[in-house]
Structures are given as C-alpha cells and as structure tokens.
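Me: Please take a close look at the salt bridges in this one and walk me through them. I'd like the cut-offs as you go.

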Amino acid sequence: MTEFEYDPNTVAEEEVAAPQPEQLEAAHPAPAEKSWLSTMYELMGNVAVALLLVTLLLGFCFRQVVVDGASMNDTLADKDRLLLQTVFYTIEREDIVVIYQEEEPEKPLIKRVIATGGDAVRLDPSTNEVYLKKAGENDWELLREPYVHYPLGWGIAWDDDNEIVVPAGELFVLGDHRNDSRDSRTLGCIKEENVVGGVLLRLFPFSGLGGLR
C-alpha cells in the first residue's frame, strides 16, 4: 500500500464544483407572479381605504351648508351650496362665516366679519359707508367693500357717533346686502364661540377658492 501524507487543506474537486442552474432553481424557486385578479383586489382595497380616510377628514374638518335668503347678495345667492371649514380655522376680518344662533339653532346666519375684538366700528347711513378703527390703533379707515352692491340704508345709534367697540371674544358682522340683512346692527356683536366655521368655497355654482370676495 502506498503511503501518503494527508493535508487537511486539500479538498476534493467535486466538493467545490459550482452548482448547476437547475439546482439553484430547485433550492430557491422564483416567487409566483400575481394574477391580474389579485392585483385588482389589492388596488380596490387601497382605493376603499383612501375614500374612507377622505370621508372621515371631510366629516371632521368640513361641512356643507346651503344659503337660505338674500342677505349676502350678490356675493352669495339663495340655495348656493358652500363648503365650510370647521376645524383649524382662524377668524379674520372680511371672512364669511356661519353663525349658530342660540335663540334659533335651526336657523344659522351667514355673514361677513367686519371687526374683531377690540376694534371699533362706525356706520354712516347717510353716505352708506363703514369705518373701522383696528384694536390698538388711533386712526379710522374707510372700508373698501367691492362686494357690497346695496347701501346701508339704515343703522343703529349705539351712541351719538353711531360707533361701537367690539368686546374681546366677539365679532361685528354684516350681510353684504345691507338693505336686507339681520346682523350686528340689530343683534349686536356675535360671540366667536358661536361661529360654526368659515366659508372656504362655493360648491354650487362653483366659484373656486377666490370667488367669495
């Protein structure tokens, strides 16, 4: 018998031979392709989830309201359908808002914000003009109101100068149709907490984002 010296670093050739392609496929089979039906089901599921999220968002942050009456003509007309922002909304002058009436909760008002807490308002029915003195300022400014197509017609004498200072946390509001509007001239200032939300846009007839001023 022929003697030989064993070297542990020596490996037989057949032990390091590269695996054949068929062997790789058997060991790691390729993932099965999705059928068009399963892809369609997955797509429909994603669309359903997206629609649900949009519905929840609209229900939580927005509301639809319908104009009842002519007090906001010509900016808004009777039966106009509006989208109202109710959450994350900050009231600003000239905004159109929907106001909850504690005395008549079934009849919300839609009016324009003229002044906020600390502002002073002066009405001049003889010239159909509205003046505003902003909180912390000393000068009166004549409001330029291109959205008003009807004169004041009448006012309410809060004092000899037809002026009022809006209390903190309240608003002075007017309708754009000054001859046919029940607003702060008779109701007095409105509590901010009674504002349901601000009008974001008109859904029907559609006017876009900038069509309400």
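Reply: Happy to! Let's start with glutamate 141 and lysine 134, whose side chains meet in a salt bridge at 3.7 Å, N to O. A salt bridge here is a side-chain nitrogen of Lys or Arg within 4 Å of a carboxyl oxygen of Asp or Glu. Glutamate 141 is partly exposed at 31% relative accessibility, and lysine 134 is partly exposed too, with 28%. For these labels, buried is under 20% relative accessible area, exposed is over 50% and partly exposed lies in between, using a 1.4 Å probe and protein chains only. Salt bridges with shared partners also link Glu104, Lys107 and Arg182 into one network.

A word on the basis: this is a predicted model, in which local features need pLDDT of at least 70 and side-chain atom pairs count only at pLDDT 80 or more, while totals for chains, interfaces and linings use all residues. Residues are numbered from 1 along each chain as its sequence is written, and side-chain values use heavy atoms, with hydrogens and water left out.

Helices (H or I, at least four residues) and strands (E, at least two) are DSSP runs, numbered from the N terminus. Both partners are partly exposed, arginine 182 at 38% and glutamate 104 at 24%.

Aspartate 119 and arginine 93 form another salt bridge, with the closest N and O atoms 2.9 Å apart. Because aspartate 119 lies in the loop between strand 4 (109-116) and strand 5 (120-124) and arginine 93 in the loop between strand 2 and strand 3, the pair joins parts that are 26 residues apart in sequence. Aspartate 119 is buried at 0% relative accessibility, whereas arginine 93 is partly exposed at 30%. By the rule above, the count comes to 9 salt bridges.

Strands count as paired if DSSP finds at least two bridges between them. Glycine 198 in strand 11 is the bridge partner of glutamine 85, and valine 97 stands opposite glycine 198.
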